[in-house]
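Here is a short briefing on selected helices and strands. Keep the sequence and the 3D view side by side.

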Amino acid sequence: MLGALLIHYLASFVVHSSLVSALPQFSTSSLVHRPGASLAFVDKDNSNIISPSQKKFQCSMSSVSLDEMTDADAYHEMISAAVDLTSVYVRNGILYGKHKSQISTRRANFGVTHIPCLPPLSFAATRSVRDIDTNSRRAFLYSIPLATDRQSPFIPPPMELPTKIKARIPSPSGNKLAILAEESVPPLESNNGNENKRALFEIWTDGGHRLANRIVLAKEKHGPVCTDFDWFGGIAWSPDETALVYNAEVPSPKTASFFDTSSKLADGTVAGGQYTLGVGKSENWGEKYISTALLGLFCVNVETGRIGAVENVPMMRDPATTTGGYVLGQAVFSPCGQSVVYTGWDAGGGGDMPRRLGAIYCFQRPCKIYSSPVRNLLTELSKPKNDEEEGERDDGFECITPHDRLARSPRFSKVVKGHAKLAYLCNTKGFDTHGGCMALHVADWNLSQESFVEESQRIVVDVVSMPGGRGDSAVVSGISFPGLFLNQLPDQCFSHNLEQIVTTTEWGSTTKVVSISLTDGSVVPINFHLAGNDNVAQRQESSDRFLCFTDDGGAIVAQSEPNRPTVLGYLQSDFLTSGTTLHSCHLFASMPPFSCTSSGHVHSFFRPGTGYSYRVINVHPPHGDVKMPVGAVLLLPEQLENEKFPLIVVPHGGPHACMPTSFEKAGLSYGFLCKHGRYAVLHVNFRGSTGFGQAALESLAGNAGSLDVLDVVAATRAVIEMSFVDPDRVGVCGGSHGGFLAGHLIGQHPDLFKVAAMRNPCTNIASMVTATDIPDWCYIETLGTGTYNYSDFRSPSREELAVMWDKSPIAHLEHVNAPTLIGLGMKDKRVPPSQGIEYFHALRAKKIPTKLLVYEDCDHAIDRVASEADFWVNTKRWFDQHL
């Protein structure tokens, strides 16, 4: 019977469909899945695998001892456990997704009440899974009934999504679905066979059951659509669901060779411009954005298929070049549907970017929020394609945040009595460091005037210098409210009564869901318990995320710990008003391990909460001008009596970032080292990390290579004093700025740190400053804030180069004795590979054991699946050999 039901379920499910027939309720909670394998179920803690063919579903999983597992098996075990959700949102009773933090909830009735087993709400999510065999990430769509009356949730088997689908955007009502896809160009439509791929929007109606339109995005209109929803990108529906607004590359100038005699050059074609920067060659935004130059805004009518550029925007550039101007993104329609509100980053047009600097992980790039009326443009696009009569142009744009250096992430509330509210993140003064504390601003939006009400703009939560400075009473893991540390607000952040904003922020060494009062600006953490950890003291130390509101005022949330992959739950509708310290939360999705790789033991799946434990610690060192604790997350293997572990210290990259207590960040690869290698692992959030207040963060500027080094040493010695680890067997592992610190630690403290493993380390800032996409980092972190002139690019002086060299790991090379592993991504734009190569040759010349891993197709992150796996297995074996 079960098999028949599953076959019926899979047959009725269509990838783009918004309606999924749910299965009858079972007492099982989830399943262990492997593509091509038979379906199985596991109990609530994933401890028992159950075959559907076995009577009563009762057989226990055979265990595999660590001794029987190879390093490859063990690494495969950990990556299979990761729950990396790249798409989540609700539509027509089904939760789908755009990306981790942006979710919308809508429900509609499309004649499905005759299906007796359809739940009132279902959750669907796209899970990204590593496939080492094909060196790729594969996307699988889950659809999970949200039934709060079940003791154990049921997870139907997922379906793999085709790679041609780039984005899925539901309309506000849920009746329509826009799919951005890429397809091969039919031979008869190809331009002399030169065009192989093209982008298009598919518009589905009737709850996603009817394809109403296919809109090919002509390259004459614009270049690739931006699907980077974590930063620049954004695709949004108009309130009446007749149009989409999105951003895409503006058309590059046409170029031709000086010697092209095949045809007469068209108007505007630049002869000999194909190799000129800003003409035939784009000036990009560095690491991860090598194909992004200049993004404009475009609207498309989903019924007529007509596309038009939003031209009343702050471009201020020569159309014959892609230099200068602004990058426009994060666009949303105003509640009236007659304007678009968006973020504009200075790309040279505003005077603060004579050279485009790296964008990824650089949250201080100048940006403001703008509004452009599009009433006339939308009217024009609604006309039939053969109607060529040009209509009236829209009025000019308005800058909503003219006095703020940093403003981004505009979000609207629902409409109440003719007004709506606009919320956005802001830092009026801005900051020089690559990360920092943001304020929350709110303004009223007048629908009749189609504009924001300037006199209503106000600060709800200001930038926080020192935790506790505002007088907030809440404390998380020993840290008072440190300010808002987040990159974007959720799509739906306003509560149903418009009295609070709910979002996720870094708070010390954790991420927390917080409720922000729009009346008095008070910030309250929303504490709940999902992960299954019975340690009451650690329940506050999990990392939590707010995903979206549900129609009844409840919320979908996620929770993770370093030894427990992400699980999903439902907060009841009174969670904002109950006043309790621990809110009732229903676990409805605990996704099982997912194996896409042919190697490895099928039964060696990670069991949450086993293999190693963790604890959050705060160290209070005496050094430093800003007296804030140094946060740390310590992973410890399951301990035998009187056993002392070798210790691997992990300072994070950035440096203005943070290592939170989540499995997908602090666990995973580091859990592999801890569980399988039996190493204690210490993540150190030194001063300069986000989540500890702006003063502590900025105290690192000008002190890199000293303050952060002393903080890491203090945290390491504090752990040694706990008697868990062997003080004579301490190593260090880090990437980027973490690699920079690894080089400093083995050079400045060679008696403490005996072995090192580095990924794309910065080792000589003086030779890096003119070759990196972030020269500002080289100035700010060595010379201090205010030392980089963003409006006047220049090379460093002789004196500045001397300081940069003195604060580099290479300056301490003579003291290094530690065997060192170095992994390099040869396409790295952030830290040139020459940095690691230089250090490798210097170590080898000193006869120090060293090994260089070269990944030709990787950039700074070394995150291609096969390369990532190879690096971590090499790292584990390096420590096995030398520590």
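How many of the 11 residues of helix α2 (residues 71-81) are buried? The count is 10 of the 11, so α2 is largely enclosed by the rest of the structure. This is a predicted model: local features need pLDDT of at least 70, side-chain atom pairs count only at pLDDT 80 or more, and totals for chains, interfaces and linings use all residues. Residues are numbered from 1 along each chain as its sequence is written, and side-chain values use heavy atoms, without hydrogens and water.

**Helix α2**
- Buried means under 20% relative accessible area, with a 1.4 Å probe and protein chains only.
- The buried residues of α2 are D71, D73, A74, Y75, H76, E77, M78, I79, S80 and A81.
- Helices (H or I, at least four residues) and strands (E, at least two) are DSSP runs, numbered from the N terminus.

**Helices α10 and α11**
- The axes (lines fitted to C-alpha atoms over the stretch in contact) of α10 (residues 775-783) and α11 (residues 798-806) come within 10 Å.
- They cross at roughly 75 degrees, on a scale from 0 to 180 degrees between N-to-C directions.
- α10 and α11 are therefore roughly perpendicular (65 to 115 degrees) to each other.
- C778, Y779, T782 and L783 of α10 make the contact (heavy atoms within 4.5 Å) with E800, V803 and M804 of α11.

**The open sheet**
- The 4 strands are ordered β8-β9-β10-β11, with antiparallel pairing (at least two DSSP bridges between two strands).
- β8 (165-170) and β11 (210-216) stand at the edges, each with a single partner strand, so one side of each has no neighbour in the sheet.
- Strand β10 (residues 197-205) is joined to β11 by 6 bridges.
- F201 has I215 in β11 as its bridge partner.

How values were computed. Parallel < 35°, antiparallel > 145°, perpendicular 65-115°, else oblique. Buried < 20%, exposed > 50% of the residue type's maximum accessible area, 1.4 Å probe, protein only.
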